[in-house]
Each structure stands twice: as structure tokens, then as C-alpha cells.
Amino acid sequence: EMNQTDRSAAAFTRCTFDDFEADFHGQAAFSSISQLRLIDSHISPPNGMASLEHGTVFDFGVTSDCQSGCPAGMYGTCESVDNCFTCDVGACTACPIGTF
């Protein structure tokens with residue numbers, strides 16, 4: 001069994017994924033065994049589609065780390081895609097007082 005610390009990682013920070021396609025899962029990202037990290041990155045629906053399809057981010061056998069990249073006290077403009085999130089790059093909003 002592979003130790004979590006021995007795994008490789010594919011990290012994407014402040015990236016935009018658009019105009020992509022694949023014949024199988026993982027049109028935007030496909031990760032098998034390596035950890036996938038998407039930080040402050042945006043995945044656009046391909047070919048003018050209205051929304052992202054299931055299988056856009058395929059992370060087989062791993063847990064992806066996807067986050068907005070906003071600092072503490074702020075949150076990003078994000079939406080769920082598979083086991084990940086796609087966020088508007090650099091878009092951060094202050095959290096309402098009394099929340100965390």
C-alpha cells in the first residue's frame with residue numbers, strides 16, 4: 001500500500017481550462033494515484049456548453065484538493081465539478097461578520 005506522502009501531485013494554480021475535449025473521463029483533468037490540486041483555477045464548459053459534464057475532473061484513487069485561493073476571512077466564487085471545485089480566478093468576497 002502506498003503511503004500518502006509518497007504520492008506525486010499535479011498542482012495547477014491560477015489556471016484557466018477552456019476549449020478542451022477527451023473521448024473518456026477527465027476532459028479537463030485526469031489523475032490516477034497522483035493527488036490533483038486546483039488552486040484559484042477555473043474550468044469553463046467546453047464548446048459553448050451551458051454547464052460542465054460529469055467526468056470533467058477524474059480523480060481515480062485519490063482525494064483532490066480544490067480551493068479558491070482566497071485568504072482567511074474571504075470566500076471565492078466557486079461551483080462544484082465532480083469531486084472538485086472550479087472558481088473564478090482572483091474573485092474573493094469578504095465573509096459576513098460572525099461567520100468563518
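The torsion about the S-S bond of cysteine 66 and cysteine 84 is about -95°, so this disulfide (a pair of cysteine sulfur atoms within 2.5 Å) is left-handed. The bond ties together distant parts of the chain, with cysteine 66 in strand 7 and cysteine 84 in strand 9 (residues 84-94), 18 residues apart; strands here are DSSP runs of E, at least two residues long, numbered from the N terminus. The two sulfur atoms lie 1.7 Å apart. Cysteine 84 is buried at 1% relative accessibility, and cysteine 66 is buried at 12%; buried means under 20% relative accessible area, exposed over 50%, and partly exposed in between, using a 1.4 Å probe and protein chains only.

Please keep in mind that this is a predicted model, where local features need pLDDT of at least 70, side-chain atom pairs count only at pLDDT 80 or more, and totals for chains, interfaces and linings use all residues. Residues are numbered from 1 along each chain as its sequence is written, and side-chain values use heavy atoms, leaving out hydrogens and water.

Three disulfides turn up in the whole structure. Cysteine 70 and cysteine 92 form one, with sulfur atoms 2.2 Å apart, and a torsion of about -95° makes this disulfide left-handed. Cysteine 78 and cysteine 87 form another, at 2.1 Å, but here the torsion is about 105°, so the disulfide is right-handed. Cysteine 87 is buried at 1% relative accessibility, while cysteine 78 is partly exposed at 36%. With the bonded cysteines numbered in sequence order, the pairing reads 1-4, 2-6, 3-5. Cysteine 95 is in no disulfide, and the nearest cysteine sulfur, that of cysteine 70, is 8.7 Å away.

Methods. Helices (H or I, at least four residues) and strands (E, at least two) are DSSP runs, numbered from the N terminus.
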